Amino acid sequence: MDWLLIIVLLPLFAAAAVGFMPGSQRRMIRGITLGTSGLLLLCALIAFCTFKVGSGLQFETKFVWVESLGLHFHLAADGINIGIILMGAIISFAAACCADDITHRVKEFHVLLNLMIGGILGTFASMDLFFFYFFHELALVPTFIMIGVWGRGANRNYATYKITLYLSLGALLALIGLIGVYVQTGAVSFSIPDLIATVQESPIDESSQQWIFPLLMFGFGILVSLWPFHTWAPLGYGAAPTATAMLHAGVLKKFGLYGIIRVAIPMAPVGAQSWLGVLAWLALANLLFCGLVAVRQKDLNLLIGNSSVAHMGFIFLGIASLNVIGLTGAVLVMIAHGLLAALAFGLSGHLYRQTGSLDMRRMGGLLRQMPLAGSALLMVLLAGCGLPGFANFAGEVTIFFGAWAAGLKVVTVIAAWSALVIGGLYMMRAIRNILHGPRGDDWAKASDVSPLIATALGLLLAALLVFGFAPWLLTEGIKGEVTKSVLLPKPSGVAGQIQTTEVAGR
Amino acid sequence: MDGQLQFIQLEVMVVALGLLVLLADLFLSESARRSLGYIAAGSLGLVFLLSFRGGYTDLSEGEAFGGIYRLDGLALFFKRFFLLTAIFVLVFAVDFASRLRSGVSEYLAFILFALSGMMFASSANDFSLLFVAIELITVTFYILVSFQRHRMQSLEAGVKYLILGAVSSAFLVYGIALVFGEAGSLKFDAIRDAHAGLLGSKVFLFGMLFVFAGLAFKISAFPFQVWAPDVYQGAPTPTTTFLAVGSKAAGFVLLIRLFGSVVPELTAQWGGMLMVVAALTILYGNLCALPQRNLKRLLAYSGVANAGYMLMGIVVQSDEGTAAILYYLAGYLFMLVAAFMIINLLTRDGEGEDISCLAGLGKRSPFLALTLTLAVVSLAGIPPLAGFFGKFLLVKAIAVKAFGDAGYFALLAVAVFGVVVSIYYYFGIIRTIYWSKDTTDNSPVAVAWPTRVALGLCVAAILYLGILPNKPINWTNAAAKIETK
C-alpha cells in the first residue's frame, strides 16, 4: 500500500471538503477534521509497524512532475523519516482535538489547519528537494494567517510580522542553498536519492561546498530558531492559536533540522567539516542564553517557547558532532521534543482558555484544581528537564555521548551543566508556581480538560514514554540511514563508526 | 510582397480592428458602444487563436522586409502574450468606460494601436523597426495616460510621461545614430557580426549605452524609474495595467533580443554594470514600496522591483535566464491584471485608492478577496503559485553562475533581501483584506460577469503556472532559444 500517499492526500482532501461546506456546519467541520486526522494516525501507525528496518526506501510513490527540470513527485520512507511521520501524525490528531477553542470563522480555520497538516506530512514524506520545500511553504503560509487572524495577546500583529519575515528569510536562504546543490551536482534530478548517488560519484567541488553549507545551515537554522535568530519563536508561539503552536513547534519546525541532516551534511561534507564547529558554539548559545532567558519568564507560554528554543541547542549539538551517535541522538530528540512541545502548548492552550491569562505569578495549586491537566503538566515539565523514562532523556544522553566522542569536550561539559542546572531551575520553579501552593484567585472556576483533549494529551504522553523506554524502536532505523550519510564521503566519520556501541538502545 | 505581408498578418488584423472600432463608433448609439469593447476583446481572442494556425506558425524562423522583421519563437511568444494582455485590458476598459466621460471608442482603438506597436516590437530585427515600434507604443500611451481630461491627476501623469518619454526617445534615437555611425548598418544581423570588433570604440559603447537607457525607461529600471509611480497612480487604471504589463514586456523583448542575441559580448563586458542596475532596481522598488498607502503607487514600486528581478535573467546571459524571464512575465500578467481590476472595482477616480479601501473585503466579497489574495501572495513569490515558480527559475538560472562568482552571489543576496521586504508590504495588503476592523462600507461589491470571468481566468492561470509547470516550461524554453543566422 502507498501509505504515505494516503497520509499526505487525506488532509488535503479534507481541506477541500471543508472548503466547500457552509460555514454554519461547525460540528460537521470539526468532525471531518477529527475523522481524517484520526484515520491519518491509523495509517501512520500501520506504516510504522509494517516498516522493515534496513531495507531501503519503502511505501514509494514516484512520478515525473516537470520533465525538463527533473522534478519528481516522490514520496518514500526510510529509517529517519518514518519516525518523524508517525510523530507528525500523532501531533496532527492531537492538534485537531485541541482546535475546539476556535469559535469564530471556524470553517476557514479548519481549511487552513488541514492544509497545514497536509503540508507538514508532505514535507517529511518527500524525497524530492523541490517538493520538500514546496510542502514546507504550503504549511508555513497557513501558519502565518492563523497567527494573524486567530492569534491572541496584544503583541499579535507584531508577532505575525516577525515570524513571517524571519521564516521567509530562512526559507529563501535555504532555497538558494538547495538550488545550489542541484546546480552544482550537475544532476538532472531534484530527487534526494539521485543527488546522493551523484555526489558519491563526483563530490561537489570544495569551494562551492564552503558556500552551500553555510547557506543551508543558516537558512535552515533560522527556521529552527538557531541563536541569534531565535527571537521569533517565543513571541510567535505565545501569539499563536493552540493547534497552530502545537503543529509548528512540534513538527513543522523540525524541517530545518531534517534538512540539515538529510541534505546539507551528505551534499556538502567538506563544508560541514569547517562549519560545524561554529554550529556547536551557536548550539551552546541556544542552550545557555535561551535557558537563562527562560528562567526569567513570568508567562507560561513564553517559558515553554524559550525552553523549546533552548532544547534546539541539543539537536544542533548532536548534528555538530557529525558522527553516528550524535546524529542518531539528534533525530531522537527531534521526535521527543516534537511530542513534548505539542503537549506543552496543548496544555498551555487549555489553561489560557480558563482565564485568558498565563501569568504564572497568579497561578498556583492547579494540581488539585485539575488533576488530569495538572499531572500531565507535571510530567511535561519533568520530561523537559530530562528525566529518565521519557524519550527526551534517551536522546539527550545519546547526543552528549556523540559530542564527547567527536571531541567537542568543552562544549559538551558546559552544555550538560547548563542543561541540567538551568533547565532544572526553571522547570522546578514552574512546577512550584503553577501546580503547588495556594490556589490563584482567578482560577477558582477553572475546570479540568475535556475527555477529547485528555485523549489527545494522553496519546502524546504515551508516545513519549514508549519511545523513552524503548528508543530502539526509532534508533535502529535512524542509525542505518545516518551511518550512510556520515560515512558517505569522509574518512573522519570512521572514528564515530567504531564507537557505534548501542548507546541509545537497550 | 504577398509573401511578406503574410508575416505581419496578425499586426494587420489588429490595426484593422482598431480602425473598425473607430468607424463603428460613428454608427452606433451611446449604449451600444459599451459592448464594442467586448466585441473587440472577442475579436482579439480570435486573432490569438489564429496565431496558433499551422499556416502562420510555419513561417517561424523567417524574415521579411529585407530582414528588418523577424518571426521566431520569441516573437511568437510575445505576440501571444501581448494579445492576451490586450484582451484583459479591453474587458477592463469596458468596466471603466463610465469614468472616461468621452471618447470610449477612441480609448479602445488606442489600446489596439499600442498593441500593434508591441507586436511589431517583438519582431524587430533592425534598429529602425525597433524605434518605430517603441514610438508607436509610447505616443499612444501619452494619450491613453491623459485620457481622463477632466481629472487633474490624469493630465499631470500625461505631462510627466510625455516629458520623460520624450527624453528617453531622444536617448534611444541618439544612441541608434551613434551605433549606426560605427557599425554602418541598422540591421541586427550586421551589428551581430560587427560588434565584437567594435568593443573598443567609445562611440559604439556610448551608442549602446544610450539605447540601453531608452529601453530601461520602458521597463522602469533604476535610474530611469522616476516616472513610474506618478504615472501609474494618475493614469486611468486600464492604462496603468497595460503600461505595467504590456509596455514593460515590450521593453523586455527588445532587451532580450538586443542584449541577449545581438551584442552578447558587449553584455558580457557590461555584466558588472547590469548587475548593479538590477540590484539597485530591486532595492529601490522594494524600499520605496514599504511606506506606500496608495495601492496603485505601491504596485508601481513593486513593478520597479519586479523589473529588477527580471533584469537578473538578462544579466546571466543564458537561455535558462531568458526562459525564466518569459515564465515570470507570464505569471506577472495574470497577477497584475487581477490586482488592478479589483482595485478599480473598489475605488472611485483617484479617491479611496488608499490601502484601507480593502478593509473588510473578506466579508464584502469572498471571491474578490480570495482572488486578490492569490495575486498578492503570488507576487510575493510564495508557492504553489505562478510567482514562486518564476522566481524559482530566475534563482536557478543565477545559481548556475553564482558559485564561483561573488558578484552573482551579492546579486542573489540583494534579491533575497528584496523578497523579504516585499513580503512585508504584500502581507500588509492581505492583513487589511482579512483582519482589519476599520471598515466603513459593508455593501457587497457588484462585479459584471465578463470581469468575473476574466478574474476567474487569472486565478486559474496563476494556479496552473504554479502547480503544473511542466508544459509552460517547455513553451518558454522553446521560445527562449533565439536562432541566429
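**Entry 1: a helix pair in chain B.** I began with helix 19 (residues 386-402) of chain B and helix 20 (residues 406-435) of chain B, which pack at an angle of about 150° with their axes 8 Å apart. That makes the two helices of chain B roughly antiparallel to each other. I noted the cut-offs: angles under 35 degrees are roughly parallel, over 145 roughly antiparallel, 65 to 115 roughly perpendicular, and the rest oblique. Axes are lines fitted to C-alpha atoms, for helices over the stretch in contact, and angles run from 0 to 180 degrees between N-to-C directions. Helices (H or I, at least four residues) and strands (E, at least two) are DSSP runs, numbered from the N terminus.

Next I listed the contacts (C-beta atoms, placed from the backbone, within 7 Å). From helix 19 of chain B, B:Val395, B:Ile398, B:Lys401 and B:Ala402 meet B:Tyr408, B:Phe409, B:Leu411 and B:Leu412 of helix 20 of chain B. I sorted the residues of this contact into 7 nonpolar, no polar and 1 charged. Here Ala, Val, Leu, Ile, Met, Phe, Trp, Tyr, Cys and Pro count as nonpolar, Asp, Glu, Lys and Arg as charged, and the others, Gly among them, as polar.

**Entry 2: ground rules.** This is a predicted model, where local features need pLDDT of at least 70, side-chain atom pairs count only at pLDDT 80 or more, and totals for chains, interfaces and linings use all residues. Residues are numbered from 1 along each chain as its sequence is written, while chains are lettered from A and ligands numbered from 1 in the order in which they are written.

**Entry 3: chain A.** I found 21 helices and 2 strands in chain A. Its C-alpha atoms fill a box of roughly 65 × 55 × 40 Å along the principal axes.

I then looked up helix 3 (residues 79-97) of chain A and helix 19 (residues 451-469) of chain A, whose axes come within 8 Å and cross at roughly 160°. These two helices of chain A are therefore roughly antiparallel to each other. The residues of their contact divide into 10 nonpolar, 1 polar and no charged.

**Entry 4: where the chains touch.** I found 26 residues of chain A in contact with 23 residues of chain B. Which helix of chain A gives the most to the side that touches chain B? Helix 6 of chain A does, with 13 residues. The residues of that side of chain A divide into 17 nonpolar, 7 polar and 2 charged.

Technical notes. Contact = placed C-beta atoms within 7 Å.
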